[in-house]
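I opened a new page for this protein.

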Amino acid sequence: MWKQLKLVAVIAFLLVVIVACSNTENTDQSSRSKKAKEKIELTISAAASLKDAMTEIQDTYKKEHPEVALKFNFAGSGSLQQQISQGAPVDLFFSAAEDKFDRLVDEGKISKKDGVDLLGNSLVLVVPNKKSSISSFKDLTKADIDQIAIGIPESVPAGKYAKESLEKMEIWNDVEPKIVYAKDVRQVLSYVETGNVAAGVVYKTDAVISDKVTIAATADAKTHTPIIYPLGIVKDTKHREEARDFYQYLQSDEALKVFEKYGFTVE
């Protein structure tokens, strides 16, 4: 009888252990399943000129990584840099100017090892799709040309490059009174598309996506600072693994082909 009671006790104990292990495993599986279903949102602050290419890349990346939601903040690189400097919650920064990017590296917001010079661009003069007397940058000095749009040089890299070129061509003093400043390069493009200005200076990549403007001239690359687009992971990201994955994806052949399709050059 004693042996039978002992056997029953052992069996009961084993059953308790098995049930407990099963519950733990189910809890772990449930936890993993819940974690897998939770979406991670990455915030990418990117130069306005990258909007079309990045939107296409977003659609492709989303199909391969449904668990990651990409949130873009497109604006002038200077404005974006200031936001990050002031602590804005950003995971990656894609600048249209090296100096804005380097400032964040100097401030310790981005580690140098987490950055790469990824793309290049060129600067062009655009006019509305109608008869225009402008076929060169020199034509901007004509008396009948009243308004010319460029980005704000202090915060919009395309505006800074435009001013450098116009100064190098020795026509800045003549055209400065005609300048209309825009918050980013896409606003410059919009001013030209709507005919609110006679001409504007934008990136080649902005000009090629619009069927409402014509490229009148291309600035000699020697007249301005090299147009480089650095990409980097912000140190304060709360999703480093996911941020690094997207950072690496933007350097993949698949992504680079999209950038080239929109007129960017690969560094």
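**Exposure first.** I call a residue buried when its relative accessible area is under 20%, exposed when it is over 50%, and partly exposed in between. I looked up Lys160 and got a relative accessible area of 22%, so Lys160 is partly exposed. I keep in mind that this is a predicted model.

Lys160 has a salt bridge to Glu164, at 3.3 Å from N to O. I find both residues in helix α5, which covers residues 157-168. They sit four residues apart, about one turn of the helix.

Within it, the side chains of Lys113 and Asp114 meet at 3.7 Å, N to O. Is each of these two buried or exposed? Lys113 has 67% relative accessibility, so it counts as exposed. Asp114 has 2%, so it is buried.

**Around Ile233.** I moved on to Ile233, which belongs to strand β10, residues 228-234. Its relative accessibility is 0%, so Ile233 counts as buried. I listed contacts of Ile233 beyond its neighbours within four places in sequence; among them are Asp91, Leu92, Ile110, Asp114, Arg240, Arg244 and Tyr247.

I counted nine salt bridges in the whole structure. One of them pairs Arg186 with Asp52, with the closest N and O atoms 2.7 Å apart. This pair links distant parts of the chain, 134 residues apart. Arg186 is in helix α7 (residues 185-193), and Asp52 is in helix α2 (residues 51-64). Asp52 comes out at 27% relative accessibility, so it counts as partly exposed.

**A loop residue.** I found Asp146 in the loop between β5 (123-128) and β6 (148-151). Leaving out residues up to four places away in sequence, Asp146 touches Lys178 and Ala198. From Asp146 to Ile179 I read 8.6 Å, C-alpha to C-alpha, with the two 33 residues apart in sequence.

**A charged patch.** Asp102, Asp106, Glu107, Asp117 and Glu267 form a negative surface patch. I placed Asp106 in helix α4, residues 98-106. Its relative accessible area is 68%, so Asp106 is exposed.

**The whole protein.** Of the 267 residues, 44% are buried. The protein exposes about 14,200 Å², and carbon and sulfur atoms supply 52% of that.

Note on methods
Residues numbered from 1 in each chain as written. Predicted model: local features only at pLDDT ≥ 70, side-chain atom pairs only at ≥ 80, totals over all residues. Heavy atoms only, no water. Buried < 20%, exposed > 50% of the residue type's maximum accessible area, 1.4 Å probe, protein only. Areas by Shrake-Rupley, 256 points an atom, 1.4 Å probe, with all protein chains shown as cover. Patch = residues over 30% accessible without salt bridge, like charges linked within 9 Å, V, L, I, M, F, W, Y side chains within 5 Å. Salt bridge = Lys/Arg side-chain N within 4 Å of Asp/Glu carboxyl O. Lys, Arg positive; Asp, Glu negative; His and termini not counted. Charge placed at Lys NZ, Arg CZ, Asp CG, Glu CD. Helix = DSSP H or I, 4+ residues; strand = E, 2+ residues; numbered from the N terminus. Contact = heavy atoms within 4.5 Å.
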